[in-house]
Amino acid sequence: MSRYSVLLVDDEEEVCQVIMKKLDWESMGFCIAGYARNGIEALELAEEIQADVVMADIKMPYMDGLTLCRKLKEIYPKIKVIIFTGFDEFEYAKEAIKIEVEEYILKPVRARELREVFERIRRNLDQEMDEKQNIAKLREYYMQSLPVLQENFYTSLLEGRIAGDAIEQYARNYQVDLSGPYYIVSVLHISKAEEEGAQAAIDPLLLSMSVKKLAEEQLAGIWNSKVVTYLGDSVVITQLQEEEAVTRFTDTMDRLCKMAKRVCNACVTAGVGHLCSSPQQLFVSYQGAKNAVSYRVLYGNTRAISIAEMDPQESADAPWEEPYIQKILKKIKMGEMQPLTEAVLEFTAKIAGSRMSLQKYRILIMELITEIFRFGANNRMNLEEIFGTDSDVYTQAMQLESPESLGQWLKENCLKMQNMVLHERQDTTKSFVDKAIEYVSEHYSDQELSIEVICKYLNVSAAYFSTVFKKETGKTFINYLTDYRMGKAVDLLLMEKEKTYIIAQKVGYSDPNYFSYVFKKQFGMSPSKYKTMKLEQN
């Protein structure tokens, strides 16, 4: 059985102690994670202990229970709130219902009533936990999401964003059959209306959907095809059993274009890419299909155009390098040495086995250097610190006499870049926290200063800010702000002859009583007593 945390909030500590002793909390599946004496203190504690249930009195100094509950519900929508009070007033009860409290209990709190309330809350929490962890429901949600996941997977293949060794795992996860053994991509491009008529009257999006539906109907059962919408076009990803099937498939796409003209009144050009033998090369076939579409200016639309027929020199196997280079850059950014080393080895092993011409090798090295420099510029790197200034980087790479020496050179320089990225990230984080600390030092007297205000100033989310700030300083922002204000309060107490309420305002507290409460909590005595003690010591 899960144990849920409870936060008690009452300005009378004796009341909290009584409630703690009323029940066997552990046997009921709860633990008292802490208690606070007012709403402001409770908000601070809620951030630290992540309470599942908050039980709060209404009448408290500095922030009443209803205001506290309202703020808690805004920050933690799933939190369970119980109000207990000695005031049987309709307006209070009505407000409690409005902010969706679990229970409204009148003092004195009876053990039996309290046990029944918490047993019911535990059942609700268990049910919510079960729903989150229920495998059947997760599977149902997964199956509902599967079409979208599959579409995203296909478009990622078209973009060449998935490493070859990860494709098979993704395909299994998303229940996609990529058994091949051959693959080809076609682009169904709809030309703009050439004359006023039925096509011009149809919304382009609806026309695109109409063509996609027609393609799905015509290709189903004949070809192992998947039609996805990508960048405004319908893209057909087809798996073939034999290389010779390309001609028949191209003829099918040609008939589809003519049918689209007749059925959908759409001028469609089907660009057919190169045949490839790996899902990793689908993005290459897609590029070829797009190039094939561009030939419509010469051969007209409403027909299929195969890039293999238009440009036989273009090879589906040629531009294999982009995913490998992008994988190296990705591993640089991830900040782990071993995966980066493996990515470099994978790249150089591919070069060694490719049997490319010297001209192709030169082009490859040029593309590699270009991508590295683009990555460096995007990440504000001084690449002269990495590669030096004695000679240009392209010359350095071309002077290497084997894929192994290229791999060693690439690994050493990429590791330098990785260290730069890590240092930049650390500097950014430090600068981020430094800005927050500087803001506190300049605005600590602002009574409205809060985590929301600082996050708006830094343009970051509260969740990210809280995580980074605590990691760097060892304190939550609220604790840091309180400590800073108390430090300033001590300076003012000892250096100026101001009254306590004036000092409270100067350090950001509108309520002098709450200032005295926080001060006493921090130093164990009231401001006036602290001042007297320090003066006597001096």
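Predicted model: local features only at pLDDT ≥ 70, side-chain atom pairs only at ≥ 80, totals over all residues.
**View 1. Gln326 sits in helix H14, which spans residues 321–334.** Helices here are DSSP runs of H or I with at least four residues, strands are runs of E with at least two, and both are numbered from the N terminus. Gln326 is partly exposed, with a relative accessible area of 33%; buried means under 20%, exposed over 50%, and partly exposed in between, with a 1.4 Å probe and protein chains only.

Residues are numbered from 1 along each chain as its sequence is written, and side-chain values use heavy atoms, with hydrogens and water left out.

**View 2. Gln150 is a buried residue of the chain.** Helix H6, covering residues 135–159, holds Gln150. The relative accessible area of Gln150 is 15%. Leaving aside residues up to four places away in sequence, Gln150 touches Tyr174, Gln175 and Val176, where contact means heavy atoms within 4.5 Å.

**View 3. Strands E7 and E8 form an antiparallel pair.** E7 runs over residues 224–230 and E8 over residues 233–240, with seven bridges between them; strands pair if DSSP finds at least two bridges.

**View 4. A cis peptide bond links Gly180 to Pro181.** Its omega is near 10 degrees. Pro181 belongs to the loop between helix H7 (164–173) and strand E6 (182–190). For context, most peptide bonds are trans.

**View 5. Tyr62 and Thr302 both have positive phi values.** Most residues other than glycine have a negative phi. For Tyr62, phi is near 75 degrees, and the residue lies in the loop between strand E3 (53–57) and helix H3 (65–75). With 28% relative accessibility, Tyr62 counts as partly exposed. For Thr302, phi is about 55 degrees, and its loop lies between helix H12 (296–299) and strand E10 (303–306). Thr302 counts as buried, at 17% relative accessibility.

**View 6. Zooming back out, the chain has 25 helices and 10 strands.** Its radius of gyration is 34 Å, well over the 24 Å that the globule rule gives for 538 residues, so the chain is more spread out than a compact globule. That radius is taken over C-alpha atoms, and the rule is 2.2 Å times the number of residues to the power 0.38. Along the principal axes, the C-alpha atoms fill a box of roughly 95 × 65 × 50 Å. Buried residues make up 42% of the 538. Of the contacts between residues at least 6 apart in sequence, 67% join residues at least 24 apart.
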